[in-house]
Amino acid sequence: MKAFEELVMRHADGVYVVLRRFGLDDDEARDVAQETFLRAWRGLPRFEGRARFFTWLYRIAYNEAQRRLSKRPPAGAVVSTEDRPLDDLAADAPGPDEEVEREELRDALAAALRELPVDLRAPVVLRDVEGLSTREAASVLDLGEGAFKSRLHRGRMALRRLLGPRLSLPGFG
């Protein structure tokens, strides 16, 4: 029990943040995070250790998020703009102009992520935002690495198409 408490304390924030990025609102993310840890507790005897614990836990969280999102009307998925996936772009403190540009980029990225279908959003969030390895992220989504890489590529290309006009990139608008 004590060891599981430690695992919950270690991973609760990460599970919550990834649930927000998968498209759940604040209340949903809290509820689904609790359900994720309950399912993990119940399923602990079946954890085989073939994957790292957090990969297994993210897999449960992803499945729970999918269940919750499937109950929504199609246009209801939202990605939190409070989560700042691009906060660590530069180590130096930005000037005011750079900060405005970063904020615009964050807003554009959040809006573009909201527009992606979940099957393309999840690979981008897990790999590019959460920093999971290809193997770990593919495992979370229950995909082979080739299929995962294909979805990740398609997701990145879709983001590029969506971000191009928003950021006035050459050749996009």
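**View 1. Phe47, Phe53 and Trp56 are linked into a cluster by ring pairs.** We're looking at a predicted model, where local features need pLDDT of at least 70, side-chain atom pairs count only at pLDDT 80 or more, and totals for chains, interfaces and linings use all residues. Numbering runs from 1 along each chain as its sequence is written, and side-chain values use heavy atoms, with hydrogens and water left out. Rings of Phe, Tyr and Trp (its six-membered ring) pair if their centres lie within 6.5 Å; planes under 30 degrees apart are stacked, over 60 edge-to-face, and the rest tilted. That rule gives five aromatic pairs. One of them is the tilted pair of Phe47 and Trp56, at 4.9 Å centre to centre and 45° between the planes.

**View 2. Phe53 and Trp56 make a tilted pair.** Their ring centres sit 5.6 Å apart with the planes at 50°. Both residues belong to helix α3 (residues 53–70), three residues apart, so about one helical turn separates them. Helices here are DSSP runs (H or I, at least four residues), numbered from the N terminus.

View 3. Phe53 is buried at 13% and Trp56 is buried at 18%, while Phe47 is partly exposed at 25%.

**View 4. Glu101 is found in helix α4 (residues 96–115).** With 55% relative accessibility, Glu101 counts as exposed.

How values were computed. Helices (H or I, at least four residues) and strands (E, at least two) are DSSP runs, numbered from the N terminus. Buried means under 20% relative accessible area, exposed over 50%, partly exposed in between (1.4 Å probe, protein chains only).
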